[in-house]
Amino acid sequence: MLRKIRAADATQGAFVVARNYWLVPPSGCQIVVVPDSEVVERFAAELTLFLAESQTSSSEQSGAERFPLVVSLIPWDVLPFDSISPSIEVSARRIEALDRLLTGDPCLMVTTADALAQSVLAPDVLRSSKL
C-alpha cells in the first residue's frame, strides 16, 4: 500500500511501518520511500526507536550480533557530471546500504526517489570488492 508521508507525519508513518514489521516480518529487505533527505534521517531514527525492543529480543534469542535492521540509502551530495567527487561519508553510507541489500537479510531501507534513481555499483562488483 502506498501512502504519501509528509515530514510532519514521519513519526506516525514510522510507527505504522514498525507495526507492520511486527505483524508480518519480511523475508528480505523492504524499501520505504520518503520525500527528502531530512525525512530519511528522521524516519530511520524513529523506525530504529520503534523497533529497538524487537531487535534486542531477536539478537538475544539468536545469540549473535545482528546487522542493523534499519538502513538509510541517502542520495549523492553532488550533481551528475559535477567536477567534484561525492563526500566519503555519503559514499560509505550508500555502499553500506547496498551491501545490506546483497545479504538478503531482513531489513527496512529508508530512502528517497532521487536516491533510488541514482546509479549504483553492480552487485557483482560490490561482491568482488569485499575484504
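**Figure 1. Arg93 and its salt bridge with Glu41.** At 21% relative accessibility, Arg93 counts as partly exposed, a class that lies between buried (under 20% relative accessible area) and exposed (over 50%), computed with a 1.4 Å probe and protein chains only. The model is predicted: local features need pLDDT of at least 70, side-chain atom pairs count only at pLDDT 80 or more, and totals for chains, interfaces and linings use all residues. Residues are numbered from 1 along each chain as its sequence is written, and side-chain values use heavy atoms, with hydrogens and water left out. The closest N and O atoms of Glu41 and Arg93 are 3.0 Å apart. This pair links distant parts of the chain, with Glu41 in helix α2 (residues 37-62) and Arg93 in helix α3 (residues 88-103), 52 residues apart. A salt bridge here is a side-chain nitrogen of Lys or Arg within 4 Å of a carboxyl oxygen of Asp or Glu. Helices (H or I, at least four residues) and strands (E, at least two) are DSSP runs, numbered from the N terminus. Glu41 is also partly exposed, because its relative accessibility is 35%.

**Figure 2. The salt bridge between Arg42 and Glu46 in helix α2.** Side chains of opposite charge can pair when their charged atoms come close. The N-to-O distance between Arg42 and Glu46 is 3.3 Å. These two residues are four positions apart in helix α2, so about one helical turn separates them. Arg42 is partly exposed at 36% relative accessibility, whereas Glu46, at 15%, counts as buried. A search of the whole structure gives three salt bridges.

**Figure 3. The salt bridge between Asp124 and Arg127 in helix α5.** The closest N and O atoms of Arg127 and Asp124 lie 3.3 Å apart. Both residues belong to helix α5 (residues 123-128) and are three residues apart, about one turn of the helix. Asp124 counts as exposed, with a relative accessibility of 57%. Arg127 has a relative accessible area of 47% and is therefore partly exposed.

**Figure 4. The aromatic pair of Phe15 and Phe50.** The structure holds one aromatic pair. The ring centres of Phe15 and Phe50 are 5.5 Å apart and the ring planes stand at 75°, so the arrangement is edge-to-face. Phe15 is located in helix α1 (residues 10-23) and Phe50 in helix α2, so the pair ties together parts that are 35 residues apart in sequence. Rings of Phe, Tyr and Trp (its six-membered ring) pair if their centres lie within 6.5 Å; planes under 30 degrees apart count as stacked, over 60 as edge-to-face and the rest as tilted. Phe15 is partly exposed, with a relative accessible area of 38%. Phe50 is likewise partly exposed, its relative accessible area being 22%.

**Figure 5. Arg94 over the ring of Trp76.** The charged end of Arg94 sits over the Trp76 ring, 4.6 Å from its centre; the criterion is that NZ of Lys or CZ of Arg is within 6 Å of the ring centre and within 35 degrees of the ring normal. Arg94 is part of helix α3, and with a relative accessible area of 1% Arg94 is buried. Arg94 and Trp76 are 18 residues apart in sequence, and their C-alpha atoms are 8.4 Å apart in space.

**Figure 6. The disulfide between Cys29 and Cys107.** The structure holds one disulfide, defined as a pair of cysteine sulfur atoms within 2.5 Å. The sulfur atoms of Cys29 and Cys107 are 2.1 Å apart. The torsion about their S-S bond is about -95°, so the disulfide is left-handed. Cys29 lies in strand β1 and Cys107 in strand β3 (residues 107-112), so the pair ties together parts that are 78 residues apart in sequence. Cys107 is buried at 0% relative accessibility, whereas Cys29, with a relative accessible area of 25%, is partly exposed.

**Figure 7. A nonpolar surface patch made by Ile31, Val33 and Leu116.** The patch has an area of about 240 Å². Patches are made of residues with over 30% relative accessible area and no salt bridge, like charges being joined within 9 Å and nonpolar side chains (Val, Leu, Ile, Met, Phe, Trp, Tyr) within 5 Å. Accessible areas come from the Shrake-Rupley method with a 1.4 Å probe; for residues, only the protein chains shown count as cover. Ile31 is found in strand β1 (residues 29-34) and, at 44% relative accessibility, counts as partly exposed.
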